[in-house]
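This report goes through one protein model, looking at charged pairs, aromatic rings and a few points along the backbone. Please keep the sequence and the structure in view while reading.

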Amino acid sequence: MTDLDEHGRPEPPFASDETATLLGFLECQRATLAWKCSGLDAAGLSTTVAASSMTLGGILKHLAYVEEYWFAQRLHGRDRGSPWDTVDWDADPDWDWHSAARDTPEQLHALWQDSVARSRSMVAEALAAGDVAQPARRPWPDGRAPSLRWILCHMIEEYARHNGHVDLIRESVDGLTGE
């Protein structure tokens, strides 16, 4: 049984194996993003702070893409899926951030939630075939391939870094604070 905190976030396991610990911390970070981005309208999701153009909607869409990139494209070696496959990334390498302003809150949340669900499935598929030491199927240009362990650690870091941004932006929208 997973313990949930007062915001419905799963607590990472205190004494478990490596895989369960990594997945537990990733799920906690995902749940933190979901909590901090919940209950906001389009104006709340498009609020910026100071000189930054970063928005909560942009972070949701960016992390939806990051989920796709690491688990589908890198880990499993698959081609980009929709909507990422139609983007001219050379013309706008930050398309995921910029295009979020044209999406509704419902579209942004659904895109991110669907991406997370696919990622969970792809991680389960990979773990059914091996452990966290298995290399990604699509290596970097120099031929090195990160392990699933590396990808999970990177995803925890990616969420934790952006959750720091989310904290600042959300507090500026309506004063919501908390871990």
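## Salt bridges

Arginine 170 and aspartate 174 are four residues apart in helix H6, so about one helical turn separates them. Their side chains meet in a salt bridge, with 2.8 Å from N to O. Arginine 170 counts as buried because its relative accessibility is 7%, under the 20% limit. Aspartate 174 has a relative accessible area of 44% and is partly exposed.

The model is a predicted one. Side chains of opposite charge can pair when their charged atoms come close. The count of salt bridges in this model comes to 13. Three of them are set out below.

| Pair | N to O distance |
|---|---|
| Arginine 170 and aspartate 174 | 2.8 Å |
| Aspartate 5 and arginine 9 | 2.6 Å |
| Arginine 138 and aspartate 79 | 3.8 Å |

In the pair of aspartate 5 and arginine 9, the 2.6 Å separates the closest N and O atoms. Both aspartate 5 and arginine 9 are buried.

Which parts of the chain does the salt bridge between arginine 138 and aspartate 79 link? The side chains of arginine 138 and aspartate 79 meet at 3.8 Å, N to O. This pair links distant parts of the chain, 59 residues apart. Arginine 138 is in the loop between helix H5 (105–129) and helix H6 (148–174), while aspartate 79 is in the loop between helix H3 (56–75) and helix H4 (95–99). Arginine 138 is partly exposed, its relative accessible area being 26%. Aspartate 79 has a relative accessibility of 63%, over the 50% limit, and therefore counts as exposed.

Salt bridges also join into a network, which links Glu27, Arg30, Glu67 and Arg120.

Asp3, Glu6, Glu11 and Glu179 form a negative surface patch. Glutamate 11, one of these residues, lies in the segment before helix H1 (18–37). With a relative accessibility of 37%, glutamate 11 counts as partly exposed.

Leucine 4 has its place in the segment before H1 too. Is leucine 4 buried or exposed? Leucine 4 counts as exposed, at 56% relative accessibility. Leucine 4 and tryptophan 95 are 91 residues apart in sequence, and their C-alpha atoms are 35 Å apart in space.

## Aromatic rings

How many aromatic pairs are there? The count comes to eight aromatic pairs. In one of them, the ring centres of tyrosine 69 and tryptophan 70 are 5.1 Å apart and the ring planes stand at 90°, so this pair is edge-to-face. Tyrosine 69 is partly exposed, with a relative accessible area of 22%, whereas tryptophan 70 counts as buried at 9% relative accessibility.

Tyrosine 69 and tryptophan 70 also belong to a cluster linked by ring pairs. The cluster is made of Tyr65, Tyr69, Trp70, Trp84, Trp89, Trp95, Trp140 and Trp150.

## Points along the backbone

A cis peptide bond joins serine 82 and proline 83, with omega at about 0°. Proline 83 is placed in the loop between H3 and H4.

Alanine 50 is found in the loop between helix H2 (42–45) and H3. Its phi is near 55°, a positive value in a residue other than glycine. At 79% relative accessibility, alanine 50 counts as exposed.

## Pairs that are apart in sequence

Glycine 57 is found in helix H3 and is buried, with a relative accessible area of 2%. Along the chain, glycine 57 and leucine 45 are 12 residues apart, while their C-alpha atoms are separated by 4.7 Å.

Histidine 162 lies in helix H6 and counts as buried at 3% relative accessibility. What is the spacing of histidine 162 and methionine 54, in sequence and in space? Histidine 162 and methionine 54 are 108 residues apart in sequence and 10.0 Å apart in space, C-alpha to C-alpha.

Note on methods:
Residues are numbered from 1 along each chain as its sequence is written. This is a predicted model: local features need pLDDT of at least 70, side-chain atom pairs count only at pLDDT 80 or more; totals for chains, interfaces and linings use all residues. Side-chain values use heavy atoms; hydrogens and water are left out. Patches are made of residues with over 30% relative accessible area and no salt bridge: like charges are joined within 9 Å, nonpolar side chains (Val, Leu, Ile, Met, Phe, Trp, Tyr) within 5 Å. Accessible areas come from the Shrake-Rupley method with a 1.4 Å probe; for residues, only the protein chains shown count as cover. A salt bridge is a side-chain nitrogen of Lys or Arg within 4 Å of a carboxyl oxygen of Asp or Glu. Lys and Arg count as positive and Asp and Glu as negative; His and the chain ends are not counted. The place of a charge is taken as NZ of Lys, CZ of Arg, CG of Asp or CD of Glu. Helices (H or I, at least four residues) and strands (E, at least two) are DSSP runs, numbered from the N terminus. Buried means under 20% relative accessible area, exposed over 50%, partly exposed in between (1.4 Å probe, protein chains only). Rings of Phe, Tyr and Trp (its six-membered ring) pair if their centres lie within 6.5 Å; planes under 30 degrees apart count as stacked, over 60 as edge-to-face and the rest as tilted.
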